[in-house]
Amino acid sequence: MSGRDLFCQPRRAGRGAALTLLFASVLVAGAATGSFGDPDRKSPTPSVRSTPAAHRETVTDAAAEAMADGKSPMEAAERAVSRSGDRWGAVYSQGEYEEFEEALDGQYTGVGLWARRERDGRIEVTRVQSGSPAAAAGIRTGDRLRSVDGEKVDGRPVTEVVSLLRGDADDAAAGTKVSLGLERGTRAWSETLRRARLSTDSVTVHKLPGGVTVIKVAAFTKGVGDAVRTAVGQTPEHAGVVLDLRGNSGGLVTEAVTAASAFLDGGLVATYDVNGAQRSLHADPGGDTTRPLVALVDGGTMSAAELLTGALQDRGRAVVVGSRTFGKGSIQMPSRLPDGSVAELTVGHYRTPAGHAVDGRGITPDLEVDAEALERAETVLSGLGDPS
């Protein structure tokens, strides 16, 4: 499992995959711009027994009644969502929702560390963002993170570690201090850093010794789709590409569709329904349809990343390698509550071009592997051969 101090779990328990739900802010520009009019926003099969419209009305009414009684509209809305059985429904304060929108713009507050939990439970730094507080302190890839503000992190889920780094429990802002306990070989030491507003680096590109280009997409924030297309355009003709979507928690569906357009010559990417109305998403024409392509996925591949994976797999464009994806394919719509908080409620779900539902099921790779997945992806690409 891997993570970073951008796409973290929400602050309150039961909020599900917070930022990954921002799948909706694409289907409706309203969520990203701050207008909350129509339901065309995020993504899967809700367990809500009532109709989406009735569900939305129930939550809104509960918030309004609470405000009229001098009680917390947000807490009332949270109770209503909990009772509804909406697996992906969630309620956010105004400040939290603004943070989510900023994250989709490619901004976050943190120290610039990526980390993963090893099999023995240790938390290892996997990447340090250039120009970040962590980089300035001399922290390196491979260092072991032992504690955050005195709390031991060994054995804890990476999402919890990320939340500590960001200071979620205290709504920590840029400039606040965080103390890290670190270890490198036999050396153990502490560093006190100040959190900063950082820009995400959602797309990274590197070449393997054999000539394969790896395009790693960490999340579908704004501009990522074009960044993927640029990366593909700069790759030598017919060279194999690994599209690494492992740990990609989703983001904006419009960006995932743009990324799909890098590899498809138009055509269907996904279908979805919102309040019963059927709609579809299509790739732009002119993508590179000839170069060998492998999509690398795992259990952390979610939402918009699953939508992209499903399109490439169903259209026969990529061989999917890795482990079964998370299974988040629902669409949520944002509703502004009387106190300024926002309720995200499930209104529909999407399907892959072949009609497969993703929510609760995920996508099964063509080749299932757990260890050395990148090496296996290289092997698959060599088997695909030069299409020329």
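**Helix α9 and its two neighbours**

Helices α8 and α9 run roughly parallel to each other, a label given to angles under 35 degrees, because their axes cross at roughly 15°. The model is predicted, with local features needing pLDDT of at least 70 and side-chain atom pairs counting only at pLDDT 80 or more, while totals for chains, interfaces and linings use all residues. Residues are numbered from 1 along each chain as its sequence is written, and side-chain values use heavy atoms, with hydrogens and water left out.

Let's start with that pair. Helix α8 covers residues 224-233, and its axis comes within 7 Å of the axis of α9. The crossing of α8 past α9 is right-handed (the near helix is turned clockwise from the far one by less than a right angle). On the α8 side, Val 224, Gly 225, Asp 226, Val 228 and Arg 229 make the contact, meeting Glu 255, Thr 258 and Ala 259 of α9; contact here means heavy atoms within 4.5 Å. By class, this gives three nonpolar, two polar and three charged residues.

Now turn to the other partner of α9. Helix α9 (residues 253-260) and helix α10 (residues 304-314) have axes that come within 9 Å and cross at roughly 25°, so α9 and α10 are roughly parallel to each other too. Here again the crossing is right-handed. From α9, Val 253, Ala 256, Val 257, Ala 259 and Ala 260 take part, and from α10, Ala 304, Leu 307 and Leu 308. The contact of α9 with α10 holds eight nonpolar residues, with no polar and no charged ones.

Note on methods:
Axes fitted to C-alpha atoms, helices over the stretch in contact; angles between N-to-C directions. Helix = DSSP H or I, 4+ residues; strand = E, 2+ residues; numbered from the N terminus. Parallel < 35°, antiparallel > 145°, perpendicular 65-115°, else oblique. Nonpolar A, V, L, I, M, F, W, Y, C, P; charged D, E, K, R; others polar.
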